[in-house]
Amino acid sequence: MDAYKKYLIEEIKMREADADILLSGSEKRYYKKGADIQKQGDASNIVRIIIKGCARGFMLVDGKEVTTNFYFEKDHAYDYVNYLKEEKVEINIQALDDVEAIEISMEALDFLNSEILGIHQMNHQIFKMYLIILESQRIDFIVKTPKQRYLTLLKNNKEVISRVPQHQIASFIGISAEHLSRIRKEIRDNE
């Protein structure tokens, strides 16, 4: 949790006292590799931050898993949109390796958000970051080729290649695993 506290103070610019209050209201949880962290239909009343490990978000489309996101250390791993709408989650989240996370209830976070300026500012900062990521991904799917989307993913998430199975990376960028293999071969041949 110390690394996340440091992140809150240094990158989110939260006061140490506010970070301590936020972290004291959270609960540490552990998920084994392959465990469901969140399932479609669950209540969206938990904010979850990955402290150690890696997870992926996915949806079932016509019985097929479609990867929607990857979550690494310091990432907020929950269905943010349905959390804001206070509706049941649509995104499944599964541990790709052993995961340590901190979780805080929506009620506790809403209370802290209304009482402590630093936590309100943190929520605002995270909302902005989430919106930027979401809009960038949307635009990438409209204007970039699969190869460009893959290179962007690698640029923004270097560890994805070593921590995530290739078929899940392919699903995330909207192509087949075979197509991703061809792209990776082309990149290696051009180096």
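## Aromatic pairs

Seven aromatic pairs are counted in this structure, which is a predicted model. One of them brings together Tyr78 and Tyr80, whose rings are tilted at 55° between the planes, with 5.8 Å from centre to centre. Tyr78 and Tyr80 are both buried.

Tyr80 also forms a tilted pair with Tyr130; here the centres are 4.5 Å apart and the planes make an angle of 45°. This pair links distant parts of the chain, as Tyr80 belongs to helix 3 (residues 80-85) and Tyr130 to helix 5 (residues 117-143), 50 residues apart. Is Tyr80 buried or exposed? Its relative accessible area is 9%, so Tyr80 is buried, since the cut-off for buried is under 20%. Tyr130 has a relative accessibility of 25% and therefore counts as partly exposed.

If you step back from the single pairs, a cluster comes into view: ring pairs link Tyr78, Tyr80, Tyr83, Phe127 and Tyr130.

## A charge over a ring

Another aromatic ring to look for is that of Phe141. Arg149 lies over the face of this ring, 4.5 Å from the ring centre.

Now let us turn to the strands. Strands of a sheet pair through backbone hydrogen bonds, in either a parallel or an antiparallel way. In this model, four strands make up an open sheet with the order 2-6-4-5, and their pairing is antiparallel. Which strands form the edges? They are strand 2 (36-38) and strand 5 (64-71), each of which pairs on one side only. On average, neighbouring strands of the sheet are turned by 35° against each other, direction ignored.

Strand 4 (residues 55-61) pairs with strand 5 over seven bridges, in the antiparallel sense. Helix 8 (residues 166-173) lies across strand 4 and strand 5, and runs at about 90° to strand 5.

## Arg48 and its surroundings

Our last stop is Arg48, which is found in strand 3 (residues 46-52). With a relative accessible area of 5%, Arg48 is buried. Which side chain does Arg48 meet in a polar contact of 2.8 Å? The partner is the side chain of Glu103.

Leaving aside residues up to four places away in sequence, Arg48 touches a range of residues, including Tyr31, Ile37, Gln38, Asp75, His76 and Ile93. Tyr78 is also among the residues that Arg48 touches, and Tyr78 is the ring that forms a tilted pair with Tyr80.

Notes
Residues numbered from 1 in each chain as written. Predicted model: local features only at pLDDT ≥ 70, side-chain atom pairs only at ≥ 80, totals over all residues. Heavy atoms only, no water. Phe/Tyr/Trp six-rings, centres within 6.5 Å; stacked < 30°, edge-to-face > 60°. Buried < 20%, exposed > 50% of the residue type's maximum accessible area, 1.4 Å probe, protein only. Helix = DSSP H or I, 4+ residues; strand = E, 2+ residues; numbered from the N terminus. Lys NZ or Arg CZ within 6 Å of the ring centre and 35° of its normal. Pairing = 2+ DSSP bridges. Axes fitted to C-alpha atoms, helices over the stretch in contact; angles between N-to-C directions. Contact = heavy atoms within 4.5 Å. Polar contact = N/O pair within 3.5 Å; in protein donor to acceptor, adjacent residues only side chain to side chain.
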